[in-house]
Amino acid sequence: MSTQTISKSNTWKGGNSPFNVSYGKLMMWIFLLSDAFTFSSLLIGYGAIRYSFPSTPIEQIEELELSFAENVQAKFANGADAHHGEFFIPALRDAGVFSESQWPSPDLVFNHFPFAHGLHLPLIFVSLMTLILILSSVTMVLGVEAGQRGDKNGVTKWMFWTIVGGFAFLGCQAWEWTNFITAGATPWANPYGPPTFAALFFLVTGFHGFHVFSGVVLNIVIFINNINGTYERRGHYEMVEKVGLYWHFVDLVWVFVFTFFYLI
Amino acid sequence: MSTPNQNIDIHDEENYDPTVWVPKAHTHGTKDIWLKFWILLGLTVIDVAFYFLMAPSMARNIIFIALGVVKAVYIVGTFMHMKHEKLSLATMIILPMFFIIFFLVWMMYEGNFWGTF
């Protein structure tokens with residue numbers, strides 16, 4: 001190995017790290033930038049296609065929300081579930097709320113919550129998913145912080161909770177998909193409106209979900225390596241930081257998927 | 001797995017070896033992390049409030065995207081440690097994203113006119 005002394009006066013003349021980060025971390029940042037481009041192209045496409053269809057008129061949604069309240073009372077009166085199953089989608093198709101020519105309001109598509117059958121609860125479940133992912137991002141960054149102090153047990157503890165958060169999010173995603181699929185949605189058919197809606201939903205949340213899955217796998221690798229003392233022997237916990245960057249990026253993408261699919 | 005060469009100092013600035021060199025790690029504490037968690041939670045609540053209290057419009061969409069950008073600033077800045085990195089690295093990663101945000105809003109607006117020429 002060369003031992004010549006190189007002047008540090010010029011940042012870009014070699015012999016040092018111009019960005020003051022390790023090679024691996026710099027490459028992770030560049031990968032994340034390219035991955036951000038991929039997700040952006042999907043969301044830009046979603047935005048353009050979504051607004052090439054007219055929105056569901058707000059009066060229709062408000063009218064329906066009143067009738068949901070009555071349906072809940074009807075459900076408890078005769079034991080029938082007026083919101084789910086055979087009643088809901090055909091009735092709204094007949095009323096012209098769900099049609100091929102207008103974009104369905106996410107209010108009326110993703111309005112379920114576990115253990116609350118028949119209740120109209122738009123946005124609540126997906127807000128819970130957002131909370132889970134933000135929390136798992138916090139536990140990740142606490143793990144990184146423990147690594148910076150060289151606290152091996154701290155890293156183990158926080159990585160464990162990060163993995164739990166990742167699985168919780170994936171479980172929620174699976175539940176959301178199951179509801180949508182059992183209603184009759186496929187990548188080429190959508191009982192709620194234009195098939196493009198379902199195609200884009202499966203494409204974008206699927207692509208994001210696969211990123212979450214990969215992130216959980218990487219987190220488990222880090223968790224096991226840390227228990228085995230790999231980073232303690234190496235003298236630094238930078239691998240936790242690099243995988244942490246990926247995990248935060250997945251959280252960041254979810255912020256925008258949430259914005260585009262559920263709010264806009 | 002090969003054992004690391006004990007003769008190489010991984011933090012050595014003078015004998016810089018890009019295959020092993022890492023900057024010295026130092027913590028910024030956990031207080032800031034929890035503060036940013038509560039801010040992110042609050043911003044999500046504001047999102048939901050806007051959804052239920054404001055009628056759908058392009059102005060509301062721009063509010064949602066702006067809130068998303070604010071959340072992104074906290075996630076990238078604090079959680080991804082970007083505010084403690086060199087300005088050159090932050091610029092390289094963040095500058096392209098400004099064009100993306102512009103393109104997002106632009107194409108959403110443009111979609112309104114598809115098929116209506």
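Where in chain A is A:Asn20 found? Before I come to that, a word on the ground rules: this is a predicted model, in which local features need pLDDT of at least 70 and side-chain atom pairs count only at pLDDT 80 or more, while totals for chains, interfaces and linings use all residues. Residues are numbered from 1 along each chain as its sequence is written, chains are lettered from A and ligands numbered from 1 in the order in which they are written, and side-chain values use heavy atoms, with hydrogens and water left out.

To return to the opening, A:Asn20 is found in the segment before α1 (23-50) of chain A, where helices are DSSP runs of H or I with at least four residues, strands are runs of E with at least two, and both are numbered from the N terminus. Phi of A:Asn20 is near 55 degrees, which is a positive value in a residue other than glycine. With a relative accessible area of 37%, A:Asn20 is partly exposed, a class that lies between buried (under 20% relative accessible area) and exposed (over 50%), computed with a 1.4 Å probe and protein chains only. In chain B, B:His81 also has a positive phi, of about 70 degrees, although it is not a glycine, and B:His81 lies in the loop between α2 (58-79) and α3 (87-111) of that chain.

Let me now take chain A as a whole. Chain A has nine helices and zero strands, and of its 264 residues 55% count as buried. The accessible surface of chain A, by the Shrake-Rupley method with a 1.4 Å probe, comes to about 11100 Å², of which 65% belongs to carbon and sulfur atoms. If we take contact to mean heavy atoms within 4.5 Å, then residues 24 or more positions apart account for 73% of the contacts in chain A with a separation of 6 or more.

Next, the helix packing. The axes of α7 (residues 195-227) and α9 (residues 238-263) of chain A come within 10 Å and cross at roughly 160 degrees, so α7(A) is roughly antiparallel to α9(A). Here the axes are lines fitted to C-alpha atoms over the stretch in contact, with angles running from 0 to 180 degrees between N-to-C directions; under 35 degrees counts as roughly parallel, over 145 as roughly antiparallel, 65 to 115 as roughly perpendicular and the rest as oblique. The residues of this contact of α7(A) with α9(A) divide into 18 nonpolar, six polar and no charged, where Ala, Val, Leu, Ile, Met, Phe, Trp, Tyr, Cys and Pro count as nonpolar, Asp, Glu, Lys and Arg as charged, and the others, Gly among them, as polar.

For α6 (residues 152-182) of chain A and α9(A), the axes come within 13 Å and cross at roughly 30 degrees, which means that α6(A) is roughly parallel to α9(A). The residues of the contact of α6(A) with α9(A) divide into seven nonpolar, three polar and one charged. Among the residues that meet there are A:Phe169 and A:Gln173 in α6(A) and A:Trp247 and A:Trp254 in α9(A).

I will finish with two single residues. A:Gln173, at 5% relative accessibility, counts as buried, and beyond its neighbours within four places in sequence A:Gln173 is in contact with A:Met129, A:Thr205, A:His208, A:Gly209 and A:Trp254. A:Ser99 lies in the loop between α3 (85-94) and α4 (106-109) of chain A, and with a relative accessible area of 18% A:Ser99 is buried.
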